[in-house]
Amino acid sequence: MQLAVSGSAMLSACTGIGGHQKAMQQKPLRIAFFTDSHARVEWGTPIAMQRAARAINAQKPDIIIGGGDYITDGFEYSAQTVAPRWDVFTDFYNTLEAPTYLTIGNHDLVGAIPKDGSQPQADPKAIYRQKFGLDNTYYSFDFGGYHFMMLDSVQVIGGEFKYRGFIDEEQQAWIRQDLEKVGREKPIIVCLHIPLLTTFYQFRKGATFAAQPNRVMVNNREVLALFENYNLRLVMQGHLHVKERIEWNNINFIMGGAICGKWWRGPWQGTPEGFAVISMYPDKIDWKYISYGWIAKRPKNA
């Protein structure tokens, strides 16, 4: 599976003649959205990830989108330490059959703030870009009548939280330019790792709980304001390992659970190991969360 990226149209919807064309127009765009695989070599994880890839393929999606955190703990370790984890993820990625596009997560940075004695990387996102042939960690493309924008939501800050959910002015400027090219009518789908909007902490901690800056997007209102008067239909997000759907101002925010569940310890907050399948219709969005049936093998004390 090759990751093809560009700022211009990559693939177009199928067309036909007469009734066949009308039927094709009514057929939804079917998206498989996986996130938070946290690949590693222990506890049968490579076997689990191959099972997940086969389950994704079995859904016959038109396109596959990855929501970040493909490996475990790249942020805090050296390239040498996490190389076997990248190998496991690459095997998973190469098993996927539909066109696949990825967005970066915090664990996918390598050597940002190492705790294993290695030297910090001058550019912790370089290895990620190299592996997937990317010029930048944010990009856009057209597919099936939709404009996809893959954003980089991770900003390294050091200190207590190490990173935060944030889209800086440079990336915001790119978003503005990209939207100007797209126009007001074309439906837009955004994917990023750290969630723009979530109720997770209100359910877990209470209505007045303030989430930490490395758990949510610090400048989410500023980012969402960029899309005012544009046709943003869907935001796909990860990071918190739960399944969740919120609809606000006609925008659907779907959190895609986690391939690894509770970091390979089983289900997390009622969400088993799995992925989302999203069907995009002109007038609605349907989705379901699919468990691929993994039984966790990670010891409780590990």
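## Exercises on a predicted model

The largest nonpolar core has 85 residues, and those that touch the most other members are Ile 31, Phe 34, Ile 65, Phe 89 and Phe 148. The structure is a predicted model.

**Exercise 1.** Find which residues Phe 148 is in contact with, leaving aside its neighbours within four places in sequence.

*Solution.* Start from Phe 148, one of the residues that touch the most other members of the largest nonpolar core. Its contacts beyond four places in sequence include Leu 29, Ile 31, Ile 63 and Ile 65. Tyr 139, Ser 140, Phe 141 and Phe 143 are also in contact with Phe 148. Ile 189 and Met 236 complete the list.

**Exercise 2.** Classify Trp 263 and Trp 268 as buried or partly exposed, and state the geometry of their aromatic pair.

*Solution.* The whole structure holds 19 aromatic pairs. In the pair of Trp 263 and Trp 268, the ring centres are 5.4 Å apart and the planes stand at 70°. An angle over 60 degrees counts as edge-to-face, so this pair is edge-to-face. Next, take the relative accessible areas: buried means under 20%. Trp 268, at 15%, is therefore buried. Trp 263, at 27%, is partly exposed. Elsewhere, ring pairs join Phe 34, Tyr 70, Trp 86, Phe 89, Phe 92, Tyr 93, Tyr 128 and Phe 132 into a cluster.

**Exercise 3.** Locate Asp 69 and His 239, and state the phi and accessibility of each.

*Solution.* Most residues other than glycine have a negative phi. Asp 69, not a glycine, has a positive phi of about 55°. Asp 69 sits in the loop between strand S2 (63-66) and helix H3 (79-95). With a relative accessible area of 2%, Asp 69 is buried. His 239 also is not a glycine, and its phi is positive, at about 85°. The loop between S9 and strand S10 (243-248) holds His 239. His 239 has 3% relative accessibility and so counts as buried.

**Exercise 4.** Describe the second largest pocket by its volume and its lining.

*Solution.* Two or more lining residues come from each of helix H7 (220-225), strand S9 (232-237) and strand S11 (251-256). H7 gives the largest share, 4 residues. Sorted by class, the lining has 9 nonpolar, 5 polar and 3 charged residues.

Note on methods: Residues numbered from 1 in each chain as written. Predicted model: local features only at pLDDT ≥ 70, side-chain atom pairs only at ≥ 80, totals over all residues. Heavy atoms only, no water. 1 Å grid on protein atoms, 1.4 Å probe; cavity = no way out; pocket = protein on both sides within 12 Å on 5 of 7 lines; lining within 4 Å. Points joined across faces, edges and corners; volume = space filled by probe spheres on them. Nonpolar A, V, L, I, M, F, W, Y, C, P; charged D, E, K, R; others polar. Buried < 20%, exposed > 50% of the residue type's maximum accessible area, 1.4 Å probe, protein only. Core = buried A, V, L, I, M, F, W, Y, C linked by side-chain atoms within 4.5 Å. Contact = heavy atoms within 4.5 Å. Phe/Tyr/Trp six-rings, centres within 6.5 Å; stacked < 30°, edge-to-face > 60°.
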